[in-house]
Amino acid sequence: MSFLFSYDFRYDDNEHETETSETQTEVEDRIGRIYMRLVDPQTLPLGGDIDDSKHKLLRAKHEQFVHDSIHGLSSGFTVLDSSRPWIPFWCLNSLDIMGCDIDDRLRLHTVDTFRKMHCPSGGFRSDPWQLPHIVSSYAAVMSLVLVGGEEAYDVVDRHAMYRWLMQMKQQDGSFAVHDGGEVDVRGIYCALVIGSVLNIMTSDLVRGCAEFIARCQTFEGGIGPYPGVEAHGGYTLCGMAALEILGKSDVLDLGRLAKWMCARQMAFEGGFNGRTNKLVDGCYSYWVGGAFPLLQKALKRSLKDDYLYERPALQRYILACCQDTRLGGLRDKPGKHPDLYHTMYCLLGLSLSQHYIGVDPDKEFSDTSSVFSVPVRMMQWGAMSAGTKVIGVRTNIVRPVHPVYGTSFAPLAQCIKYFYSLPPLAESLADE
């Protein structure tokens with residue numbers, strides 16, 4: 001199947017140039033030159049058919065890019081010192097999505113790294129002189145999920161983690177990201193991911209979360225960081241994923257949400273932007289593209305309906321525009337440098353656009369009366385082979401990932417099985 005390429009799909013500034021429209025034109029010029037190389041010249045009079053058959057995921061280059069980063073980063077990365085837990089997560093998850101081995105040496109190094117970052121009072125931090133942070137704790141827990149095994153799981157003190165999360169809990173249902181820190185939807189998402197993975201969910205932990213997220217939905221339809229602030233792709237996925245854990249997606253105006261999400265896919269570029277009137281960015285392949293499976297389930301749409309965006313167009317943007325063919329790694333857009341953050345989120349977006357991830361409606365377990373239903377509901381999700389769409393060479397296919405947790409299914413299932421074989425916390429027993 002061929003896809004139409006036409007400059008008619010470009011941004012129209014209605015003859016009112018602004019700094020924003022000029023930058024948009026520059027980006028489209030770069031991408032247009034790339035896409036023109038894919039067009040069959042004989043079809044140009046009719047607009048131009050893009051040949052997607054030769055796209056190739058540069059897996060070996062990306063693997064090398066990640067491994068080089070694991071073994072040492074330059075001094076320029078000291079600005080990311082407070083984000084140190086994220087670097088292993090970006091690396092490990094990228095390798096896992098591509099199907100690369102996480103060897104014993106890397107596994108042991110990861111466990112040792114996060115053992116040093118664990119705070120005795122709960123949570124994870126980059127260094128002993130920093131405060132534990134809820135977002136860093138999410139990255140740490142999910143890194144330990146990826147390496148797997150009892151030694152990794154036992155790094156986390158579940159009782160201390162629960163007590164610390166409850167200290168971060170706010171009366172309006174949100175979470176502060178650290179002691180005295182800011183409050184936003186990220187905090188809720190990270191807390192609920194940690195709680196649902198470690199089997200420390202209680203009704204106290206989840207109280208008010210859904211209502212706070214609902215107040216963050218804007219007039220446009222997307223979700224902002226906190227009430228009254230502009231909708232943003234990252235907060236939208238965090239909010240939707242948190243509501244899926246809670247089983248309360250219906251608190252949102254799903255029609256307005258769907259309209260806003262669909263408007264984020266750029267007609268010319270094929271990728272997503274994160275806010276109205278912003279540029280395309282590879283990371284939103286996940287932050288917006290990854291929210292479509294959640295929207296699909298919330299709207300009770302089926303496999304035959306497919307997602308409400310053009311999946312091959314997103315894959316084309318990632319494979320043709322986001323790969324650095326010289327250094328390896330993936331990037332925001334052409335002209336930018338590759339980095340670990342964009343590498344992981346582009347790969348997540350690629351996976352979720354290749355695979356149709358959903359829940360079989362005939363087997364759906366929808367009981368949300370107890371927090372202990374969470375693992376059952378979360379592990380209903382899976383890839384449906386009939387919905388697979390892969391452009392380019394067949395080896396481009398990567399592992400399917402869970403849209404709520406952003407990791408592949410096998411390590412997640414192994415971790416949930418382990419923690420839910422343990423007795424629930426005393427707080428949980430008293431709570432339910």
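**Charges, patches and loops in the predicted model**

Arg37 sits in the loop between helix 1 and strand 2 (49-50), with helices (H or I, at least four residues) and strands (E, at least two) taken as DSSP runs numbered from the N terminus. This is a predicted model, so local features need pLDDT of at least 70 and side-chain atom pairs count only at pLDDT 80 or more, while totals for chains, interfaces and linings use all residues. Residues are numbered from 1 along each chain as its sequence is written, and side-chain values use heavy atoms, with hydrogens and water left out.

Arg37 counts as exposed because its relative accessibility is 65%; here exposed means over 50% relative accessible area, buried under 20%, and partly exposed in between (1.4 Å probe, protein chains only). Together with Arg30, Arg33 and Lys336, Arg37 makes up a positive surface patch. Patches are built from residues with over 30% relative accessible area and no salt bridge, like charges being joined within 9 Å and nonpolar side chains (Val, Leu, Ile, Met, Phe, Trp, Tyr) within 5 Å. The areas come from the Shrake-Rupley method with a 1.4 Å probe, and for residues only the protein chains shown count as cover. Lys and Arg are counted as positive and Asp and Glu as negative, leaving out His and the chain ends, and each charge is placed at NZ of Lys, CZ of Arg, CG of Asp or CD of Glu.

There is a negative surface patch as well, formed by Glu17, Glu19, Glu22 and Glu26. Glu19 belongs to helix 1 (residues 19-36) and, at 68% relative accessibility, is exposed. Glu26 is in helix 1 too, and its relative accessible area of 51% makes it exposed. The C-alpha atom of Glu26 is 41 Å from that of Val359, a residue 333 places away along the chain.

Turning to paired charges, the model has 20 salt bridges, each one a side-chain nitrogen of Lys or Arg within 4 Å of a carboxyl oxygen of Asp or Glu. Arg10, Glu28 and Asp29 are joined in a salt-bridge network. An α-helix has 3.6 residues a turn, so residues three or four places apart point the same way. Arg107 is partly exposed at 24% relative accessible area, whereas Asp104 is exposed at 55%.

Arg275 and Glu230 make another salt bridge, with 3.2 Å between the closest N and O atoms. Arg275 is in the loop between helix 12 (254-262) and helix 13 (284-287) and Glu230 in the loop between helix 10 (209-215) and helix 11 (233-246), so the pair ties together parts that are 45 residues apart in sequence. Arg275 is partly exposed, with a relative accessible area of 28%, and Glu230 is partly exposed as well, at 36%.

Asp306 pairs with Lys389, and the closest N and O atoms of this salt bridge are 2.7 Å apart. This pair links distant parts of the chain, 83 residues apart: Asp306 is in the loop between helix 14 (292-298) and helix 15 (311-321), and Lys389 in the loop between strand 4 (382-384) and helix 18 (409-419). Asp306 counts as buried, at 14% relative accessibility, while Lys389 is partly exposed at 36%.

The backbone of Asp306 also deserves a look. Most residues other than glycine have a negative phi. Asp306, although not a glycine, has a positive phi of about 60 degrees. Asn277 likewise has a positive phi, near 70 degrees, and is found in the loop between helix 12 and helix 13.

At the start of helix 7, a side-chain oxygen of Asp157 comes within 3.2 Å of the backbone nitrogen of His159. Further along helix 7 (residues 158-168), the buried residues include Met161, Tyr162, Trp164, Leu165 and Met168. Thr236, in helix 11, is buried with a relative accessible area of 1%, and a polar atom of its side chain lies 3.0 Å from the backbone nitrogen of Ile223.

How values were computed: A polar contact is a pair of N or O atoms within 3.5 Å; within protein, one must be able to donate a hydrogen and the other to accept it, and residues adjacent in sequence count only if both atoms are side-chain atoms.
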